[in-house]
Amino acid sequence: MTGTRSIAHGTRGGFASLQRGGLNFDSFPMRLFAKGNGRQWNPADVDLDQDARDFAAMTDDERWWTCTLAAQFLAGEESVTQDLQPFIAAMAADGRLGDEMYLTQFVYEEAKHTEAFRRWFDSVGIREDLHGFIEPNEHYMQIFTAELPRSLHALAGDPSPRNQVRASVTYNHIVEGTLALTGYFAWQKVCASRGILPGMQRIIKHIGDDERRHMAWGTFTCRRHVAADDAMWGVVQERVQELVGPAMGVVTATFDLYEGGEPPFAIDRDELARYAMDKVGRRLGAIESARGADLAAIDVDASPESLEERFHAEDEQALAEAT
């Protein structure tokens, strides 16, 4: 709001970029936007020829496991590309242009991730229907066809702080911060165990770089709502508890469905489950620390980004030790 001029969509009487002082490029969303602008990549540029040769040389069990993991990522990336749209509208309704600008980049990156995994499947010659790799995993279907769209699309009718927090926890902290990170760990097992799939390794590196910014924005969003209303901390905890069971089910169900005996690529169920559980709630301390904090300070606080870089370094070390 600038004077009597609303910048919210539907009631616009002015423009944030024209107001006194213009855009605050020091705000956290604008910092993420600028960083993303400097880290562009094109899925079509990733060379997948060696991946096709590596895939052809796999056993049937190895191909099933690899396709299941890749299909989960592909469907997940498509889901988050579509389901983020209401959050953009919620930021517009709140008159938060910086967040709205960043989320347009966010959804663009998710669309690129979808393209990258689809190109990978095409490159290895898999063009038949892939639903059979994900539908038997009921926990996966619960999160990606029910919990994720329901929590995000609730914002269309009610973009309240409570619904924004629930949506952010679902999207940024469970889907990205738990499931995607655990998936990267599994990809490391697949690729490093035999020195294969260099194209997939490059794709995962690019996606991980994008999603560290996404998760940082989610932590920031929860922090500003918790700072504004202490009751929102309870909402964060509530949503995490609602989703931790299904999230762990996504990880372990693949082992339940596998009928080939010892899983390929030396992937261990207990190790993967421990890794996933370690990721659940790892950002809760940063969110809780915003209780009673000054909102103006939080808007320019880069600590969520620093936190993601530290987590990334820790994860890199864990991956190196596990392979």
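Author: Phe25 lies in the segment before helix 1 (28–37), where helices (H or I, at least four residues) and strands (E, at least two) are DSSP runs numbered from the N terminus. This is a predicted model, in which local features need pLDDT of at least 70 and side-chain atom pairs count only at pLDDT 80 or more, while totals for chains, interfaces and linings use all residues. Residues are numbered from 1 along each chain as its sequence is written, and side-chain values use heavy atoms, with hydrogens and water left out.

With a relative accessible area of 58%, Phe25 is exposed; buried means under 20%, exposed over 50% and partly exposed in between, with a 1.4 Å probe and protein chains only. Setting aside neighbours within four places in sequence, Phe25 is in contact with Met30 and Arg31, contact meaning heavy atoms within 4.5 Å. Its C-alpha is 8.4 Å in space from that of Gly98, although 73 residues separate Phe25 and Gly98 in sequence.

Now the ring pairs. A pair of aromatic rings is described by the distance of the centres and the angle of the planes. Here rings of Phe, Tyr and Trp (its six-membered ring) pair if their centres lie within 6.5 Å; planes under 30 degrees apart count as stacked, over 60 as edge-to-face and the rest as tilted. Searching the whole structure on that basis gives 16 aromatic pairs. One of them joins Trp64 and Trp65, whose ring centres are 6.0 Å apart with planes at 65°, so the pair is edge-to-face. Trp64 is partly exposed at a relative accessible area of 29%, whereas Trp65 is buried at 5%.

Trp65 also pairs edge-to-face with Phe255, at 5.2 Å centre to centre and 70° between the planes. This pair links distant parts of the chain: Trp65 belongs to helix 3 (residues 60–83) and Phe255 to helix 9 (residues 231–257), 190 residues apart. Phe255 is buried, with a relative accessible area of 11%.

Helix 3 also holds Gln72. Gln72 counts as buried at 13% relative accessibility. Not counting residues up to four places away in sequence, Gln72 touches Ile134, Asn137, Tyr140 and Thr254.

Elsewhere, ring pairs link Phe87, Tyr102, Phe106, Tyr171 and Trp217 into a cluster.

Some rings have a charged group over them. A charge sits over a ring if NZ of Lys or CZ of Arg is within 6 Å of the ring centre and within 35 degrees of the ring normal. The charged end of Lys279 is over the ring of Tyr275, 3.7 Å from its centre. Arg282 lies over the face of Phe311, 3.9 Å from the ring centre.

A disulfide is a covalent bond between the sulfur atoms of two cysteines. With the criterion of a pair of cysteine sulfur atoms within 2.5 Å, the search of the whole structure finds 0 disulfides. Cys67 is in no disulfide, and its nearest cysteine sulfur, that of Cys191, is 13 Å away. Cys67 is buried, with a relative accessible area of 4%. Cys191 is likewise in no disulfide, with the sulfur of Cys67 as its nearest, 13 Å away. Cys191 counts as buried at 2% relative accessibility.

Asn42 lies in the loop between helix 1 and helix 2 (49–56) and is partly exposed, with a relative accessible area of 34%. Asn42 and His206 are 164 residues apart in sequence and 9.6 Å apart in space, C-alpha to C-alpha.

As for the whole chain, there are 13 helices and 0 strands. Among contacts between residues at least 6 apart in sequence, 83% join residues at least 24 apart. For 323 residues, a compact globule would have a radius of gyration near 20 Å, and the chain agrees, with 20 Å; the radius is taken over C-alpha atoms, and the globule rule is 2.2 Å times the number of residues to the power 0.38. The C-alpha trace spans about 65 × 40 × 35 Å along its principal axes. Of the 323 residues, 54% count as buried. The chain exposes about 13800 Å², of which carbon and sulfur atoms supply 50%; accessible areas come from the Shrake-Rupley method with a 1.4 Å probe, and for residues only the protein chains shown count as cover.
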